[in-house]
Amino acid sequence: MEKVAEAADAVAASSTAGEVVRAIHAVAVLFFPVDSATVAGTVDEPFRSQIISVVSLTHDERESWRHAFYHGPAFPTMSKILLGNIALKWLRQIRSSARKEIYDSFFVRGPPTEVIQALVPALSQNEGSKEDHNIFCLNIERILVLCLIENKGVCQIVEEFTFSNKQDDGILNPEKSTFISRVAQLLASIPDKATMGAASALTSSSFFKSVVSQLLVRAEEAAIESSADKDGNEQGVLSPVFLFVGQVLSRISRRGSTGVLVAELITMIRNHLQRCVASDRKTIIPDMVKHVSQSRFWFNVVEALRDQHSIERLTEEMLRQLASQHISDEEAYWILWTLFNQSIMHMTVMRAMFIDKFLLWKTFPLCCLRWILHYAVFEFPPNSVMETQIQKTSNFLVTLQTLVSIWSKKEFVQSYSVEQQAYITAAIGLCLENMSKRELEMTKDVLNCILQGVTCRLESPIDLVRKMASAVALTFSKIVDPKNPLYLDDDCSENVDWEFGVLSPKRIKAPSHDVELGSKSKPCSRENRRNAGEKKAKAIRHDISDNRVKIVEIKSLDSDEMSGAATNFEEHCDEESMDIDASSDSSLEPYDLSDDDTDLQKNFTHLSDLAAALRKPDDLDGVQRALSSAEKLVRASPDELRHNSGDLVQALVHVRCSDAAMEGEEESAEEKRQKALVALLVTNPFESLDVLTKLLYSSSVDISQRILVIDVMTEAAQELAETKIINKQQRYGNLISDTSPSWLVPSDSGPLGASPWREVSEPGSLLSWSHRYEREVPSRSGQVKSGKSRKWGLRKAKDLQVEGSKNKFPLYAAAFMLPVMQGYDKRRHGVDLLNRDFVVLGKLIYMLGVCMKCMAMHPEASALAPALLDMIRSREVSQHAEAYVRRSVLFAASCILIALHPSYVASTLIEGNQDISTGLEWIRTWALQIAEADPDTECTSMAMNCLRLHSEMVLQTSRSLESAEHSKAGTRALSSKLDNIIIPFANMM
């Protein structure tokens with residue numbers, strides 16, 4: 001301390017840089033070898049000779065001085081002098097060669113643990129002016145880069161902890177543990193404390209990459225040295241190293257740099273596993289890894305972290321990075337085994353992390369799921385020779401039981417995202433693929449849970465959810481009866497794709513704008529086709545962009561139909577093969593009787609005969625001919641249409657198309673029926689709607705007929721609203737001859753220097769027959785800008801095209817919407833839209849949204865929007881448990897925003913009408929809630945789109961309000977003088 005005090009006094013009294021160099025040199029030579037000649041060459045006399053005359057100490061003497069200096073109060077005091085007064089006032093005047101020898105050496109050659117404690121806290125100090133503070137911080141940051149990055153300071157820290165623990169006989173006391181934690185904390189906090197102008201080496205990614213690399217390499221070397229030292233206590237020697245490694249890695253993870261940490265960790269662990277594999281072997285076995293000395297470190301590194309949150313983040317990031325690198329399943333398994341095998345045996349929380357959190361709460365790519373199952377559940381590597389021979393552990397059976405019990409609940413289908421459902425479905429499927437029939441019989445309630453889960457998913461209108469049921473049912477059937485797999489979907493293949501399109505390694509994300517509420521599928525046998533027409537449903541696909549709504553209709557089947565089709569799939573295939581074999585006999589050539597009954601068939605000419613034929617189930621040919629003739633006859637608009645439309649609607653709704661159609665033509669018959677009903681609604685809307693809206697909630701129809709009614713109304717609304725552009729060409733002859741141009745163009749007379757007249761194109765009213773001409777005239781005295789004079793001439797003869805649109809739907813909009821919005825929430829015999837028949841509710845709301853879109857910008861939209869808002873705002877609808885219904889509500893809300901004219905919304909605000917404003921505000925708040933918290937990905941994306949439409953509506957409404965205020969002010973100003981002046985075409989503005 002005396003030497004430090006003398007140096008401090010000398011620096012304080014110095015007036016030149018030479019005095020400062022001499023004072024620092026006098027202290028530096030006591031602790032480390034200094035090239036005095038180099039230092040002396042940077043200063044003038046008399047300081048040069050004084051520096052050269054200093055006597056150098058021996059190595060042992062320097063070590064004694066050095067230990068006392070760095071492990072006492074002297075170094076903190078000296079560091080304040082070096083970093084404070086010298087750095088701010090003199091350091092820039094000291095040459096770099098001298099600075100390296102006598103200034104930087106105090107930090108570079110000192111113990112890095114002490115150096116860090118002196119430098120890092122100093123970054124938080126505030127040194128006078130802003131300029132001094134920047135100089136102060138930049139100098140400290142330069143030294144940190146020099147010590148920790150360029151001089152491998154982290155490796156030195158590991159060596160220091162290893163050496164000190166050997167001297168203490170491997171005892172890690174609490175005081176030393178606290179010291180190690182403090183050093184780790186200061187090391188990890190350096191990027192956070194670095195200033196904005198710091199070197200790139202101190203950014204989080206670059207700094208932590210270097211720290212982790214040094215830390216793992218040196219700790220691995222320490223493990224090798226410890227295993228080679230047979231006399232030492234290996235566990236005791238490495239305990240401070242593991243503590244320091246765990247503290248640093250956990251703090252780096254906590255600071256958001258887990259990705260950088262994992263990238264370095266994966267590279268080193270893969271290199272380690274390559275060392276473990278013998279040259280004559282291609283696969284890894286546990287003994288290979290255990291016999292390598294470095295494995296001692298890798299077996300304990302995860303357990304050394306101690307921070308469970310950091311372990312979870314590290315493991316999750318590692319799985320995702322391994323998936324992005326497309327490594328093999330076997331290599332990924334051994335990486336997990338090397339890092340986690342020891343900790344998972346000693347710590348229950350580690351097994352819970354893999355089985356509970358990573359299987360039930362997280363969502364990973366499919367390859368990661370396979371690795372988790374093989375490591376934590378199956379407990380054997382993939383592609384193993386003994387894979388089929390290993391007896392399943394109790395842990396496997398318990399995990400499978402937990403998965404299927406959660407998967408079987410209907411609440412899981414309703415409240416979890418599609419990605420999470422696909423993930424757990426894939427986990428169950430992969431478990432089932434590794435089971436035998438005997439092992440399945442040992443489990444409890446797995447069969448019942450799987451049947452419940454398949455059933456509730458087959459009832460879902462979402463295609464992806466039904467595919468999950470089909471995949472699990474197929475895999476389960478292969479266990480029970482491998483020769484007769486159960487196919488519930490035509491798209492099912494023998495090898496199930498458990499990714500379902502959402503568990504790819506690249507990105508786990510659903511489509512942004514598309515919403516599928518069903519899919520296309522076909523029945524498999526005639527017995528199942530019998531109910532195809534009655535159980536037919538449609539799905540909707542919404543794509544709202546640029547204020548337009550596109551509707552794509554897809555045919556699908558009900559769950560009962562699908563399950564029935566799968567039950568008889570094999571029987572159906574066997575029967576078809578027998579029929580083919582029987583008909584292949586070339587010796588049996590039938591007579592051609594195709595035209596024998598031509599004379600017996602007659603065309604329908606009256607709607608009454610058509611309805612009567614549809615009501616004769618015993619005359620299947622007559623029913624088929626009636627369906628074929630219905631649409632053409634209805635669209636011919638006979639006189640009796642008005643009187644027979646209601647009777648014909650009822651007959652078409654109740655007819656059984658599957659009974660009347662030939663095998664394989666059921667969809668054609670359904671299509672004919674639907675087209676005939678659409679034609680009735682289009683040609684005779686009021687009478688047909690009166691019957692259809694009553695049938696919708698009638699107890700005499702089933703769910704498929706209700707869906708048919710809604711689908712027909714949707715198509716009819718779109719057809720009635722179909723926009724037809726009418727182009728009318730109007731030709732006008734010249735009112736005057738072309739030989740008299742003075743009538744068409746103003747005369748050239750005018751002030752001197754005026755430019756010639758030119759015609760100006762201007763989009764004007766359709767009734768205007770005049771052109772506009774303008775020219776530039778020279779400015780008058782005192783006028784800065786050039787003026788313009790105008791004269792009006794008659795328009796030259798041109799062909800005018802008048803465009804007009806024809807939309808018939810607004811006239812019938814109330815008849816389409818109001819009756820079906822009454823009684824939707826009432827539960828009656830055979831009708832329960834809010835619970836059991838939620839598919840009908842979803843399609844009904846979708847149809848109402850289409851109706852709003854079909855009358856967009858019409859006054860009728862403003863009249864009907866409040867009623868629809870009241871319906872979708874009800875808690876039973878907007879907070880429905882099924883995502884299918886919520887998607888439809890979002891679609892309807894978006895259609896309302898598109899349909900309402902901004903000027904109408906502005907007028908309601910001016911008049912104080914609260915219905916529309918309250919409803920629109922509810923759309924905003926509700927869509928915001930859905931976007932933030934809804935588990936369904938499609939709902940969140942549609943909610944974001946709905947918010948975008950709402951913001952556009954607000955913008956247009958605000959402009960309408962500003963325009964209205966401006967017009968109102970202008971009217972007041974002109975009313976006193978221009979009351980009798982009629983502004984041309986004012987009604988068209």
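How many aromatic pairs does the count come to? The count comes to 32 aromatic pairs in this predicted model. The views below show some of the rings, then a loop residue.

**View 1. Phenylalanine 31 and phenylalanine 106 form an edge-to-face aromatic pair.** The ring centres are 6.4 Å apart, with 70° between the planes. This pair links distant parts of the chain, as its two residues are 75 residues apart. Phenylalanine 31 sits in the loop between helix 2 (17–28) and helix 3 (36–40), while phenylalanine 106 belongs to helix 8 (residues 105–108). Phenylalanine 31 counts as buried because its relative accessibility is 4%. Phenylalanine 106 is also buried, with a relative accessible area of 0%.

**View 2. Phenylalanine 69 and phenylalanine 75 form an edge-to-face pair.** Their ring centres lie 5.8 Å apart and their planes meet at 80°, so the pair is classed as edge-to-face. Phenylalanine 69 has 3% relative accessibility and therefore counts as buried. Phenylalanine 75 is buried at 1%.

**View 3. Ring pairs link a set of aromatic residues into a cluster.** Its members include Phe299, Tyr333, Trp334, Trp337 and Phe340. Phe354, Phe358, Phe364, Tyr375 and Tyr423 also belong to the cluster.

**View 4. Aspartate 490 lies in a loop.** The loop runs between helix 28 (463–480) and helix 29 (526–529). Is aspartate 490 buried or partly exposed? Aspartate 490 counts as partly exposed because its relative accessibility is 41%, between the limits of 20% and 50%. The C-alpha atoms of aspartate 490 and serine 470 are separated by 9.8 Å, and the two residues are 20 residues apart along the chain.

Key. Residues are numbered from 1 along each chain as its sequence is written. This is a predicted model: local features need pLDDT of at least 70, side-chain atom pairs count only at pLDDT 80 or more; totals for chains, interfaces and linings use all residues. Side-chain values use heavy atoms; hydrogens and water are left out. Helices (H or I, at least four residues) and strands (E, at least two) are DSSP runs, numbered from the N terminus. Buried means under 20% relative accessible area, exposed over 50%, partly exposed in between (1.4 Å probe, protein chains only). Rings of Phe, Tyr and Trp (its six-membered ring) pair if their centres lie within 6.5 Å; planes under 30 degrees apart count as stacked, over 60 as edge-to-face and the rest as tilted.
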